Amino acid sequence: VADFYRTWYVPANAIVTVGGDVEPAAVMARLERWFGGFPRSSRPVRRTIAQPRVERARRVVADPFARLARLRWAWHAPAALAPDEAELEVLCNALGAPGVGRLWRRLVHDRELAQRVSAQASGARLGGELHVVVDVKSEAATEEIEPILAEEMTRVVEEPLADHEVARAVTRREAAFVWRLEGMAARVGTVARYALYRDQPDSLAWDLARLRAVTPATVLAAARRWLDPARRVEVVTTPG
C-alpha cells in the first residue's frame, strides 16, 4: 500500500484546475506557495492492460434489505472517451430513457412488470461497463421480464435504431453538456476530466463533434462489438 501511494500520489501525477474570476499570475504564485515545496517527482509510467475476457455468468443473490427484486445484465464497455463510448451512450438512452426508452415502455408502461428501468454505460481509464437494470414490481417475477429483456437486447444487435431514437438521444446528451457548463465547479471538473483522460483540457468541442457524428449504423456496429450475450454477467437480487 505504501509503495502504491508513493508511486501514484505524487505531484508529477497530479492535475490542478482553477476556475473563476482570477488572475493567472496570482494563481501561479499561490500554487507555488502551497505546492512548490513538494519534493520533485517523476510521473509514473502507465501500463496498457487489456480487458479480461468475461464468460457468461449468472448469480442469484438474496438481499435481506431489499424490498423489490432486481435484474441486472452487465457487459464490458469502452474506456472513457474511447471509440464506441458515444454510440453506447446513445444506445442506453434508447433503451432506458424514462417514458420513451424501449425497455421502459415495454416493462414499465405496457406490461407494468417493472417499477423502474435504467441503462447506463460508464468508462474509466482502463475500461468501462454497460449495465441494464430492472427493478421488478412486487407482484411480478423476473421470469416474466427476462424474455422481454433478451428480445430487446437481441434486437439492438440485429437491426439499427430508428433515426428519431438517435436524434433524441443526441439532443439529450447535448443538453446535458450545456447544463454541465452552467456551474463553475462543473466547468472545472469538465476541464480536469479531459486533461486526465486525453491530456487535452480543451476537448469539449471534440467531444460534441463525436457525439453529433453518431448514426444508427455506428450504434449497431458498436452494439455488435460489445453486447455479445456470451460475454454477459447476470445478477438477480431477490428480497430476503
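I looked up Val-22 and found it in the loop between helix H1 (2–8) and helix H2 (24–35), where helices are DSSP runs of H or I with at least four residues, strands are runs of E with at least two, and both are numbered from the N terminus. This is a predicted model, in which local features need pLDDT of at least 70 and side-chain atom pairs count only at pLDDT 80 or more, while totals for chains, interfaces and linings use all residues. Residues are numbered from 1 along each chain as its sequence is written, and side-chain values use heavy atoms, with hydrogens and water left out.

The C-alpha atoms fill a box of roughly 65 × 40 × 30 Å along the principal axes, and buried residues make up 36% of the 240 residues. Of the contacts (heavy atoms within 4.5 Å) between residues at least 6 apart in sequence, 78% join residues at least 24 apart.

Next I turned to helix H4 (residues 102–110), where Arg-102, Leu-103, Trp-104, Leu-107 and Val-108 are buried. Their cover includes helix H3 (85–96), strand E3 (114–123), strand E4 (128–136), helix H5 (142–158) and helix H6 (163–180). After H4 comes Glu-112, and I recorded its phi as positive, near 55°.

Last, I asked how many cavities of 30 Å³ or more there are. The count comes to one, a cavity being a set of points, on a 1 Å grid over the protein atoms alone, where a 1.4 Å probe fits but cannot get out. About 30 Å³ of space lies in the largest cavity, the volume being the space filled by probe spheres set on the points. Its lining residues, which have an atom within 4 Å of a point, are Ala-86, Glu-89, Arg-173, Phe-177, Asp-207, Arg-210 and Leu-211. H3, H6 and helix H8 (204–212) each supply at least two residues of this lining, and H8 gives the largest share, three residues.

Notes: Buried means under 20% relative accessible area, exposed over 50%, partly exposed in between (1.4 Å probe, protein chains only). On a 1 Å grid over the protein atoms alone, a cavity is a set of points where a 1.4 Å probe fits but cannot get out, and a pocket is an open set with protein on both sides within 12 Å along at least five of seven lines; lining residues have an atom within 4 Å of a point.
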